[in-house]
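Here are my notes on the model you sent over. Have it open while you read, and we can go through the points one at a time.

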Amino acid sequence: DILHLPLLTIKQGVAYSFSWIRGKLNTDVGLDFNYFTSYKADIYNPLLGIYCYQNSDKIGNYLFTDVYLNINIDRFCVFAMVQHPYSGLFNHNYFNSPLYPSQGFTFRYGVIWKLLD
């Protein structure tokens, strides 16, 4: 009753790496899964900067998934990621902490070019 924690927490990643063009084009494709059972999470108080005890709101019991692609050519890297691609499809309100919703559907991309070794 003092420390609120989910009964079960699962974080799993699955990735596949392969090379193209005589080993010059390295590619990673992967999925990340996060799941925790429903529980009465403590509420975050931004004025104090800490989590405070609460015993009324339950959160959890849904799966978060991230899908990513990473391509490397020597010193050049391109990546793309889709976070929580099914956000809003199952009529859930996704929360990591009461009153603070988690990030919904997000597409991230980037380019890294290392000019020096």
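**Notes on the fold and the main pocket**

1. The chain has nine strands and zero helices, counting DSSP runs numbered from the N terminus, with at least two residues (E) for a strand and at least four (H or I) for a helix.

2. A word on the ground rules: this is a predicted model, with local features needing pLDDT of at least 70, side-chain atom pairs counting only at pLDDT 80 or more, and totals for chains, interfaces and linings using all residues. Numbering starts from 1 along each chain as its sequence is written, and side-chain values use heavy atoms, leaving out hydrogens and water.

3. On overall shape, the C-alpha atoms fill a box of roughly 60 × 30 × 25 Å along the principal axes.

4. Of the 117 residues, 24% count as buried, meaning under 20% relative accessible area with a 1.4 Å probe and protein chains only.

5. Now the largest pocket. On a 1 Å grid over the protein atoms alone, a pocket is an open set of points where a 1.4 Å probe fits, with protein on both sides within 12 Å along at least five of seven lines; lining residues have an atom within 4 Å of a point. There are 15 of them here, and N34, F64, D66, N96 and S102 lie nearest the centre. The elements giving two or more residues to this lining are β1 (9-20), β2 (25-36) and β5 (62-73).

Terms used
Buried < 20%, exposed > 50% of the residue type's maximum accessible area, 1.4 Å probe, protein only.
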